[in-house]
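Below are some notes on the model, kept to points that can be checked against the coordinates.

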Amino acid sequence: MGARRAQTARAPAPARRVTISDVAASLGLTKGTVSRALNGYTDIAEATRARVAARAGRMGYSPLAHAQAIRTGRVRAIGLVLQLEEHDAQRPFLADFLQGITAAAGAEGWTLTVATAGSEADGRETYTRLIEDRKADGFILPRTRLDDPRVDLLLGAGTPFVMYGRTRDSRNRAWFDILGEAAMGEAVKRLAGFGHRRIAFINGLADYTYATLREEGFREGMADAELDVDEEMIIHGVATLAAGELAADALLSLDDPPTAVVCATDKAGLGVCRAAAARGLRLGRDLSVIAYDGVPESALAQPPLTTFEVDQVHAGARLASLLIRRCRGAAPDELRETALARLREGGTDGPPAFARGAPEGASE
């Protein structure tokens, strides 16, 4: 019997990793052009960037993260610091907001770094640490203040950022914001159309930009409707449901109380609804309420709160896209976008009782 020849099984050779040179050769471009296209440099035409990205995707090219960070000085990460001391810390919308950010960032091959801070001082330390440790290339700043210390810190550090909101000073600032002032004006227009003339306004915390803008929108809406603003029916600094209830009690105790209330936030609006129920008032009849935010609780209230809601997924996506462009060198004044909130009709607004045929000031 002849000797058997020993056979040794050979493992298949590992597939060779696609390199940037392979992508460049397949397109007839230089390696440098492909590298700059993949990294979003603005000196490369948008059509070329799209063509390079598509070819790289088809070929399975994936850059080594550490090598890319060394080469470009970027870690391709968006930073987001949540200050937990704030009255809601974005909690009602956080999942949607993060979904939008991560989807847009992921489409560009970027990631999201999230940190929390218990106070404004902790927040400053957190930003400084993330910058020094190169954990993020730039930051999204949610809920801006009129004079925002985070902006000063990041400008001083030369770190890119995009604000979710606006500030008093617009220089060197990029932003995405919802036109809450337009929503407040639309709320007044809607109520005036129902026949309301005594319209009150409950605002949020004065140092946040949204409060200033929403008050401006309310006042402009009243002027457009040719209605006088009764300063006694303007209440500021309401950030919680309980505070909204107290504010409503004060308004409803006036000798000539409002027949409608516009609220800068849903929390204030839900507080007004609670105060009205305690007095036996029928929402949408004896008292109308329109608010702003679209928090889940407002849709579950009985009756559901009429409110202006914000697409937080879209907001997160736009902020991420704008920040990536800012990190790639786009000027701040080229990165400013706004959007409108959408009215979600509920059961808390309608014609005042006297407009339904009852004597003025009386219920049906």
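1. Leaving out residues up to four places away in sequence, S288 touches L191, H196, T259, A260, V261, T348, D349 and G350 (contact means heavy atoms within 4.5 Å). The C-alpha atoms of S288 and T259 are separated by 6.4 Å, although the two are 29 residues apart along the chain. S288 lies in strand 9 (residues 288-293) and is buried, at a relative accessible area of 0%. Buried means under 20% relative accessible area, exposed over 50% and partly exposed in between, with a 1.4 Å probe and protein chains only. Strands (E, at least two residues) and helices (H or I, at least four) are DSSP runs numbered from the N terminus.

2. On provenance: this is a predicted model, in which local features need pLDDT of at least 70 and side-chain atom pairs count only at pLDDT 80 or more, while totals for chains, interfaces and linings use all residues. Residues are numbered from 1 along each chain as its sequence is written, and side-chain values use heavy atoms, with hydrogens and water left out.

3. Helix 8 (residues 180-194) packs against helix 9 (residues 209-224) at an angle of about 35°, the axes being 7 Å apart. Axes are lines fitted to C-alpha atoms, for helices over the stretch in contact, and angles run from 0 to 180 degrees between N-to-C directions. From helix 8, G180, E181, M184, G185 and V188 meet L213, R214, G217, F218, G221 and M222 of helix 9.

4. The largest nonpolar core has 44 residues, of which I78, I199, F218 and V262 touch the most other members. Such a core is a set of buried Ala, Val, Leu, Ile, Met, Phe, Trp, Tyr and Cys residues joined through side-chain atoms within 4.5 Å. Helix 13 (residues 312-327) supplies the largest share of this core, seven residues. Beyond four places in sequence, the contacts of I78 include W110, A136, I140, A320, L323 and I324. A second, separate core of 24 residues includes V238, A247, L270 and A291.

5. How many disulfides does the structure hold? It holds zero, a disulfide being a pair of cysteine sulfur atoms within 2.5 Å. The sulfur of C263 has its closest cysteine sulfur in C273, 7.7 Å away, which is too far for a bond. C263 is buried at 0% relative accessibility, and C273 is buried with a relative accessible area of 12%.
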